[in-house]
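Open the structure in a viewer and keep the selection panel at hand. The stops below say what to select next and what is there.

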Amino acid sequence: MKRLIGDMHMHTLASGHAYGTIREMAQAACEAGLEIIGITEHAPGIPGTVDPFYYGNLKVVPKVLCGVEVLHGCEVNVLNDGTLSLEEKYIRRLDYCIAGIHKHCYENAGREENTANLISCMRHPCVKFVSHPDDDHFPLDNDLLTAAAAQTGTALEVNNSSLVKKDRRLNCYENYREILRYAAERGVYIIVNSDAHDPSQVGKLELAEALLEEAGFPDELILNNDREKLVRFLFEREG
């Protein structure tokens with residue numbers, strides 16, 4: 001498979017349980033040979049994360065650090081009423097959003113309702129991809145999920161951190177294999193990310209890459225193996 005040039009899901013000190021600065025993450029990305037990264041702090045609902053006021057001043061951060069292009073997103077929580085945990089006025093200040101289910105602010109509602117709540121959030125034009133849809137502690141209908149991704153133009157993430165901690169992510173590998181099969185059949189984009197919470201994890205994508213190789217997943221449907229394709233995707237569905 002083609003070399004991955006971007007890592008679009010990572011957290012800094014601002015998220016409250018991560019351990020690097022923006023510049024340290026960019027330096028690590030440079031050392032890993034990446035061209036572009038996305039800093040995606042957790043939205044309200046995760047203990048210790050930033051006040052939304054944080055998102056109002058991101059323009060002061062240089063667009064290029066350590067030779068790496070830096071975008072700013074947010075990993076926004078899916079809530080049990082099918083809405084996002086960040087107000088629209090803050091969402092609109094970001095380059096993109098990720099939608100994800102997190103145990104800190106979501107109660108398992110069963111496969112059907114979990115899937116419906118996530119799909120509801122995927123319809124927001126600023127939500128570009130779904131984070132770690134792999135844990136059967138919050139089961140999803142992967143058939144319906146990938147069909148919705150095709151309909152809404154949303155990408156699905158293969159999260160390397162999930163694969164590292166697979167013992168805590170119920171049926172993680174099995175879910176990814178099924179998602180990749182459906183995604184290939186339906187022409188749904190996949191994005192591969194580290195979900196780094198420390199600079200040492202930035203660009204560490206080997207387990208996810210091995211899974212894509214095993215599945216024979218087509219390069220043309222992997223977003224972050226080409227900068228132009230990735231940037232076009234992130235900005236083409238703005239509302």
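**Stop 1: two helices**

Helices α6 and α7 cross in a right-handed manner (right-handed if the near helix is turned clockwise from the far one by less than a right angle, left-handed if anticlockwise). This is a predicted model, in which local features need pLDDT of at least 70 and side-chain atom pairs count only at pLDDT 80 or more, while totals for chains, interfaces and linings use all residues. Residues are numbered from 1 along each chain as its sequence is written, and side-chain values use heavy atoms, with hydrogens and water left out.

Select residues 172-186 for α6 and residues 206-215 for α7; their axes come within 10 Å and cross at roughly 50 degrees. Axes are lines fitted to C-alpha atoms, for helices over the stretch in contact, with angles from 0 to 180 degrees between N-to-C directions. Helices are DSSP runs (H or I, at least four residues), as are strands (E, at least two), numbered from the N terminus. The two helices are therefore oblique to each other (under 35 degrees is roughly parallel, over 145 roughly antiparallel, 65 to 115 roughly perpendicular, the rest oblique).

Next, show the side chains in contact (heavy atoms within 4.5 Å): Tyr173, Tyr176, Arg177 and Leu180 on α6, with Leu207, Leu211, Leu212, Glu214 and Ala215 on α7.

**Stop 2: aromatic pairs**

How many aromatic pairs are there? The count is 4, where rings of Phe, Tyr and Trp (its six-membered ring) pair if their centres lie within 6.5 Å; planes under 30 degrees apart are stacked, over 60 edge-to-face, the rest tilted.

Select Tyr54 and Tyr55, an edge-to-face pair with 5.4 Å centre to centre and 85 degrees between the planes. Tyr54 is partly exposed at 26% relative accessible area, whereas Tyr55 is buried at 1% (buried is under 20%, exposed over 50%, partly exposed in between, with a 1.4 Å probe and protein chains only).

Move on to Tyr106 and Phe138, whose ring centres are 6.1 Å apart with planes at 70 degrees, so this pair is edge-to-face. Tyr106 sits in the loop between β5 (96-100) and α3 (111-122), and Phe138 in the loop between β6 (127-130) and α4 (142-152), so the pair ties together parts 32 residues apart in sequence. Tyr106 is buried at 3% relative accessibility; Phe138 is buried at 15%.

**Stop 3: Arg92**

Select Arg92, in the loop between α2 (88-91) and β5. Arg92 is partly exposed, with a relative accessible area of 39%.
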